[in-house]
Structure formats: structure tokens, C-alpha cells
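Morning, everyone. I have one structure to walk through today. Please take a look at it first.

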Amino acid sequence: MSRCITICPIGSVEKGILEHISECISFRCNLTCRFFTGMDNPKYAYNEIRCQYDSKLILRHLLRECPHDTLKFIGVTSVDLYVPILQFVFGLAQIEGKCSIVSLRRLYPQFYNQLPDPDLLLKRVEKTVLHELGHTFGIIHCRDRRCVMYSSTRIEDTDFKQPAFCPTCSELFKWHLDKSLQQDP
Amino acid sequence: MGARKKRESMKIVPPGKKKCVWMEAGVVSYKLCDHNYDCSTCVYDHGMQDKVARHKEKLITQPIAAAKDKLTETWVEKMMQLPANRRKCRYMITGEVGRKICPSAYECGTCSFDQMMQERMQAEILPVHARSQESGFELAEDFYYHEGHTWARPEYGGRVRVGLDDFAQKLIGKLGRIELPNVGQVLKQGEVGFQIRRNGEVAQVLSPIDGIVAHVNDKLKDQPDLANESCYETGWLFAVEPTRLRKNLKGLYYREEARNFINEEREKLFNLANDDLQVAADGGSSVEDIFKEIEGENWARFVKTFLRT
Ligand SMILES: [Zn+2]
Ligand SMILES: [Zn+2]
């Protein structure tokens, strides 16, 4: 299997953010990235009662569109996502699968009525992407609040954790990565 | 830890906390009450009483060694040395009443004022000192949690108040009717204690504790949703006279254990609601009304899994 991760913008997404994601993945995981042509705004997943998009429907769509020659497929969107039972999600990922999706909506400081802060935004994006990527490699939530695999319920959790795996999750990541690379495409 | 040390050295009682009667009497220099002034079931009080009794024996055999420890008097003995007008009633120490002097050598068991206060406080709800959010569910600090998502809280006079936790309240959603046990009914920890109705569905709920029902929250008859709005305070369900308190408390989750328990339950809940895809989600608290969100799904399966009935 190639060492390549495919990043797919869903609806309009700032180019700078997509490039930052690519750099972070290359730097933190030693994997290469490429961009998918992009998908339209996911109208099919809009829930009028919640005024949010159903992340599971989008994930299913990603599954159908996923290229065969990629290690992982990450959808990035600016729309607000939810999943049944939870009020919102920062991201959703298949556990030990290929696809995941990340919402930027609640990562912007402006969402919390704060001033724009590009550095803070990019840090949050990095942690959220690494976290979902970790899930697709088969890592589940970590109890260590500083580990990137700690589950964020609030943005404060994301801000508190580091953009890196704790020693245990790091070992797991390497192990899972080696296993996936050995598999045939 | 540092802050606590500092407080101890300065003998400052933090807000919301109260001095232990042993501190008030001056037998020990710093000790806060962690048992709602129910000395009759307090482990610390029992331990101190034993210690004093042992020191008194020692005083006869080895007077010099024992005198050094100074633990030769109980808090009552120490208080009784004070002039009569300075013997504060225990309800004055706790701030429950303004000024009240003990007329009866601290024999609270036979004091009618004590009895009156006990009854009065029985009807009132104690405020929650601190709350925390765990995986989007609220936990009240210092409450004991049962795996069937009820809580138990020992109170004044040794009674134990019982209610639904935030997880159960959200899972069942807007409560239709709560069928509480009757006063005098005998309950057992881990056995069905009462039931809840919602849209024609019935959920049986386990009792967190062994005991005899002493009070029920009558307000829930007209306003069952009090248990939604304020599940740790005004939405309490009933109070019991416990019969195996110490043993029962060991079977309940407390503090760190309670937090871990709720985290695990949240993952389980998410997986059950989304078992069509093997996914992990990261995000906000659960919706306020989970029942509504999963309507049409197998409700019985959720009840069985989380209320354990
Ligand atoms: Zn970790
Ligand atoms: Zn996660």
C-alpha cells in the first residue's frame, strides 16, 4: 500500500487550511498527502430540524468515493456536523477503516465570539485531523488528557491536548501503520 | 496539596466547608466535616472516640507518655469545660441556626431541638457543592453513583437521599410519570426500586441502596420534569433509612470511579446508537432528550443496557 493520504475538501474550504493539514500529516506521521478534486456542499446530509449536517451520511458518501490506491481518505468541511445523540461533532472516523471527516466550523475562535486567531485555528485543525486519522488506524480514545487521542467534548479539551500521540498511542500508531503498509492495495 | 497545607497552617475554612466538631472544640487543630455532621455514622468520629478511650487507659498506666499526645478528651468533654454560655449547639457550629447554646451536655440523641432540626432538614434539599462535566454529562461531587444510573447521598441524621443521575435523565428524556416507592417500603441495592413512564414506555430503575423508604418527593407528582431540570437537587426522588450503608457504599462509584464510569457509559451509548457503522465521534455533550433522538429504535435495549433492568 502507498504511504499516501488523500485530503478531500467538501464544500468550500480555505486553501491555506488544506495545505496546513497536508504539512502536518507529512511532518507528524511521515506520510505523503495529495488532494482530491473536491465535493459539493453536502446538501443531502442537511437536517432541517437541527440545522446541521449528518456526519454519518457524509462519511458513507466518502466511503463510496474513496480512491483505491490511498491509505486513508479524509474529508474536510466548513459545515457544522452532528451525529445522532450528540449535539455536534468536531469529527467522525471509521475505526480501522479508510474514511474520516473533520468539521472546521467549531474550530474557528469566531464561533465562540472571540477574535480571529489563525495560529490557534491551525493548531486546532492539526489536533482534530491527527485524532481522526488515529481512529482510522485503529486507535481508540486515550485517557491521557494531553494525548491527541483524548476525546474532545469541548473546544477547551482540544486546546489542552498536544498535537502528538502519547507514548502508548504512538507505539500503537506505528504498529497499525506498518500493518496497513504491508497490505495489498 | 500546597493550598491545603497553607489553609491548614492558617486554619482557614474554605467557603462551603464546615469545621468538624473536633476542630471546633479545639481537640484537633484542623479538620473539616466531610459527613454532614452525622457523627453517629462518621468514621472519623468513631476513630477519634476510640483513640481518646485508648489514651485514657494509657494515662493510668503511662501518665507521662500519654500526656504528650494530649488526645485525652473527646470533643464533648472539651466543650463541657467551657462556660455554659459558650457551649455552642452543633447546629450553631454548622451555621444552621444563628445562636443556640447546648442545654443538654451534647446528648443530641435525646434532644428535642435536634429532633426538630433533623425533621426540618429532611424536607430541605442540600445544595450541591460542586459539579463537574464528564463526557458531556453532569456529575455532582461527593455523590455516590449506582451502575443503574441513580445516585445516593448520605445526609444529616444518617438518612440517604436518592435520585436519577444526569445520564439517566437525558436517556429517558422528558419524564412522563415517576412511580415512586411507598413510604415504609423495603428496598435492596441493585433491585428494582421504582419505575418511570414516558410515551407509553416503562423503564424500571434499580435502587442504589438497601433501606426503608422514609420520604418521597411529593413535588414530582405534579412536576415529574423536576427530575430533568434539577436531577441532583429539587428533582430528588426519595430518602431511605439505610440498613447496610457502609457495605452498600462500597458497591457504588465515587469521584474518580464515577467519572470513569460515565466516560465508559458514554462510549457505550454512542456505539449502541450508531452501531450501523463502526465509527468514533468527537464532539459535544449528548442531546437533552436521548429518547426522542432514538425514537423508533429498540428502546428496551437501551433501558436494559444502561438502567440494567
Ligand atoms: Zn494516548
Ligand atoms: Zn475520537
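Which residues of the largest nonpolar core touch the most other members? Keep in mind that this is a predicted model. The core holds 77 residues, and the ones that touch the most other members are A:Leu62, B:Ile178, B:Tyr232, B:Phe238, B:Leu269 and B:Phe302. Helix α12(B) gives the most to this core, with seven residues. There is also a second, separate core, of 37 residues. Its members include A:Ile17, A:Leu31, A:Leu71 and A:Val148.

Next, the zinc ion, ligand 2. Chain A provides A:His131, A:His135 and A:His141 as donors, each through NE2. Chain B provides B:Asp282, through its OD atoms. The protein donors lie 1.9 to 2.4 Å from the zinc ion. Now take two of those histidines. A:His131 sits in helix α3 of chain A, residues 118-136, and A:His141 sits in the loop between α3 and α4, so the pair ties together parts that are ten residues apart in sequence. Both A:His131 and A:His141 are buried.

Last, the second largest pocket. Its space is about 560 Å³. It is lined by 22 residues, and closest to its centre are A:Arg143, A:Tyr150, B:Glu134, B:Ser135 and B:Asn263. The largest share, seven residues, comes from α12(B).

Notes
Residues are numbered from 1 along each chain as its sequence is written. Chains are lettered from A and ligands numbered from 1 in the order in which they are written. This is a predicted model: local features need pLDDT of at least 70, side-chain atom pairs count only at pLDDT 80 or more; totals for chains, interfaces and linings use all residues. Side-chain values use heavy atoms; hydrogens and water are left out. Donors are N, O and S atoms within 2.8 Å of the metal (3.2 Å for Na, K and Ca); water is not among the atoms, so sites may look incomplete. Helices (H or I, at least four residues) and strands (E, at least two) are DSSP runs, numbered from the N terminus. Buried means under 20% relative accessible area, exposed over 50%, partly exposed in between (1.4 Å probe, protein chains only). On a 1 Å grid over the protein atoms alone, a cavity is a set of points where a 1.4 Å probe fits but cannot get out, and a pocket is an open set with protein on both sides within 12 Å along at least five of seven lines; lining residues have an atom within 4 Å of a point. Grid points are joined across faces, edges and corners, and a volume is the space filled by probe spheres set on the points. A nonpolar core is a set of buried Ala, Val, Leu, Ile, Met, Phe, Trp, Tyr and Cys residues joined through side-chain atoms within 4.5 Å.
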